[in-house]
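Please open the model in your viewer and keep the selection tool at hand. The stops below go from the whole chain to single side chains.

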Amino acid sequence: MSPEQIAALSALLTMISRLSGWPFGVLIFLFFIGPWLLAVMLAYSYRRKYESNVRLVEDYNSIAGDLKDVVMLNTQTLTTLIADVRTNQYCPQVRLKKIAGGRTDDGN
């Protein structure tokens, strides 16, 4: 060891002895246990985020199911509307008058 390293080590040991044992023990505890404590805290927060995302997906699935029902109902309604428009059932002035034999009065 060089004289500078020996001086630094002796200064560090002097500082530790003046601190008494309690603060030094806390520093050692934090140095060795701190990363584990941080890992546990992060795992807990990630789990909460995961559970929140699961609830979000479940809510999205229920909304998507409702949307599917609305689209199906609109499709059925528009299909009925197209059939009614083609047979002219709701406009008395444009409604085709049926003649015996299936012909209309417009000559077709």
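**The whole chain**

Of the 108 residues of the protein chain, 3% count as buried, where buried means under 20% relative accessible area, exposed over 50%, and partly exposed in between, with a 1.4 Å probe and protein chains only. This is a predicted model, in which local features need pLDDT of at least 70 and side-chain atom pairs count only at pLDDT 80 or more, while totals for chains, interfaces and linings use all residues. Residues are numbered from 1 along each chain as its sequence is written, and side-chain values use heavy atoms, with hydrogens and water left out.

Colour by secondary structure next: the protein chain has two helices and zero strands, both kinds being DSSP runs numbered from the N terminus (helices H or I, at least four residues; strands E, at least two).

**The aromatic pair**

Select F31 and F32, which are both exposed. By the rule used here (ring centres of Phe, Tyr and the six-membered ring of Trp within 6.5 Å; planes under 30 degrees apart stacked, over 60 edge-to-face, the rest tilted), the count comes to one aromatic pair. F31 and F32 form that pair edge-to-face, at 5.1 Å centre to centre and with 80 degrees between the planes.

**The salt bridge**

Move on to R47 and E51, whose side chains meet in a salt bridge at 3.4 Å, N to O (a side-chain nitrogen of Lys or Arg within 4 Å of a carboxyl oxygen of Asp or Glu). Why are R47 and E51 separated by about one helical turn? Because they are four residues apart in helix α2. R47 counts as exposed because its relative accessibility is 54%, whereas E51, with a relative accessible area of 35%, is partly exposed.
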